[in-house]
Amino acid sequence: MAEIRQADGFSDWLDQRLAVRKFMKVMMSEYWIPKNINFLWAMGVVLVVLFAILMVSGIFLLMYYKPDINLAFDSVNYTIMQEVEYGWLWRHMHGVSASAAFLIIYIHMFTGIYYGSYKKGREIIWITGMILFVAFSAEAFSGYMLPWGQMSYWAAQVITNLFGGIPVIGEALVIWIRGDFLVADATLTRFFMLHVVLLPLVIILVIALHFYALRVPHVNNQASEVFDFDKEAMKYLNGRKKESKVVPFWPVFLSKDFFVVGVFMLFFFFLVCYHYDFAMDPINFEPANNMKTPAHIYPEWYFLWSYEVLRGFFFDIGGIAAMDIGLMAFGFANVAFILLPFLDRNTQHVAPAHQRPAFFVWFWILLLDMIVLTVYGKLPPTGSNAWIGFFAAIIFLLLFMALPIITKIEAKSKGAQQ
Ligand code: HEM
């Protein structure tokens, strides 16, 4: 009797499992992914994984962190790093995933630019992506303040000061953001709130929008080919798998994503265990001191390119102060990428950059210029460094101004060919 009941229990369990699998299969097979995409299309999923690591490690750090200027530094550098078991591991994971997230975001963005994934019906994907970039930047900046080291304090001082450049309301705005006349305890507390509550909520919401926007035009592919997904899916389901241009999201595509995530995790834990300094500035291991300005103040590597655009203008031009020109250029640099779908005037043709000769050159100059800006953003802005920074900043601005012209000519010549 007992044996029969056991067997019954087992078959119930098996039935349930089969029902769940069937349900998953039907649900997931509604999503179809182009066959012709490479590992660069897994970067979005790598970003989701990194965001999950940031949330989990952040929750563990929160258990011991103290958002008070007299306690913050020790709570991180002494309590978490030395007293709490494995506290160092969670801190390293948090720091490395923040830095790695930007590396992957830049790869994800430049993949989108190269394959024209920002164009023709994909504008909302692009814009929600750029909102994610801005929200991630604010999240990283607010997080950098929390250990209350020298760089936390002075970077906050410099960045909040930038808002002072806004005409009329600038000065009042700086005090409002800081909650005090100087960067102080009130500043730390409000940035702590932004970092652990408001910004993560905004990021989750915008990720949901980003995904929702992806459902309508489907993801782009390596040939930027437009085809009927339903028709291709029917071919796949009717046994003509080789002929079909799509594969089901589950399990075929997701298994490839998991492979890329697995390889990335090897690289990630190598950094966490052996090169966590990649994500941390040595100057930030000194407690904040408002009486001692560090010799060079610079942000984390992922903000260096826009910081260099700001610093690049080091002399007055036509009676306009260098600082004001730098601020305007910095403001433009920060919105330039959002404007990309509108600056590209060749709206009809989506194609990878290697099939768009002028755009191909534009793309590689932009990438190289941003690398130069990043490298020089960390060096002291003196002598030839200052001039290289100046020319790289000018090239960056000119590239975005030239894009509508280049793409309009491209559109005309494509039109003439047809
Ligand atoms: C936390 C940040 C982000 C997450 C979690 C995320 C996630 C994803 C995922 C899962 C995909 C689909 C697969 C893929 O192409 O990778 C995707 C596509 C896309 N994302 Fe993001 N993304 C983020 C940030 C960004 C940013 C900063 C941009 C640039 C503005 C961007 C632009 C795009 C574009 C254009 C596509 C469509 C690609 C195509 O059609 O081929 N995303 N994103």
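Biologist: To start, how many helices and strands does the chain have?

Modeller: The chain has 15 helices and two strands, where helices (H or I, at least four residues) and strands (E, at least two) are DSSP runs numbered from the N terminus. Please keep in mind that this is a predicted model, in which local features need pLDDT of at least 70 and side-chain atom pairs count only at pLDDT 80 or more, while totals for chains, interfaces and linings use all residues. Residues are numbered from 1 along each chain as its sequence is written.

Biologist: And what does the C-alpha trace span, and what share of the residues count as buried?

Modeller: Along its principal axes the C-alpha trace spans about 80 × 75 × 40 Å. Of the 418 residues, 30% count as buried, a residue being buried if 20 or more other C-beta atoms lie within 10 Å of its own, exposed if 12 or fewer, and partly exposed in between, with C-beta atoms placed from the backbone.

Biologist: Into which domains is the chain divided?

Modeller: There is domain 1 (39-219 + 229-297) and domain 2 (301-418), with bounds that come from an automatic or database domain assignment. Taken over C-alpha atoms, the centres of domain 1 and domain 2 are separated by 24 Å. The contact between them takes 16 residues from domain 1 and 16 residues from domain 2, two residues being in contact if their C-beta atoms, placed from the backbone, lie within 7 Å.

Biologist: Which elements of domain 1 give two or more residues to the side that touches domain 2?

Modeller: Those are helix 4 and helix 5. By class, that side of domain 1 has 10 nonpolar, three polar and three charged residues, where Ala, Val, Leu, Ile, Met, Phe, Trp, Tyr, Cys and Pro count as nonpolar, Asp, Glu, Lys and Arg as charged, and the others, Gly among them, as polar.

Biologist: Switching to the ligand, how many residues surround it, and which are the closest?

Modeller: The ligand is surrounded by 25 residues, the closest being Gly44, Leu47, Gly112, Gly129 and Asn220; a residue is near a molecule or strand if its C-beta atom, placed from the backbone, lies within 6 Å of it. Helix 2 (43-62), helix 4 (87-114), helix 5 (123-145) and helix 8 (185-215) are the elements that give two or more residues to this shell. The shell divides by class into 17 nonpolar, seven polar and one charged residues.

Biologist: What about helix 3, which of its residues are buried?

Modeller: In helix 3 (residues 72-83), the buried residues are Ala72, Phe73, Ser75, Val76 and Ile80, and they pack against helix 2, helix 4 and helix 8.

Biologist: Then where does tryptophan 148 lie, and what is its phi?

Modeller: Tryptophan 148 lies in the loop between helix 5 and helix 6 (150-162), and its phi is near 50°, a positive value in a residue other than glycine. Tryptophan 148 counts as buried because it has 25 C-beta neighbours inside 10 Å. Histidine 218, in the loop between helix 8 and helix 9, also has a positive phi, near 65°, but histidine 218 counts as partly exposed, with 17 C-beta neighbours inside 10 Å.

Biologist: Last one: is aspartate 230 buried or exposed?

Modeller: Aspartate 230, in helix 9 (residues 229-237), is exposed because 9 other C-beta atoms lie within 10 Å.
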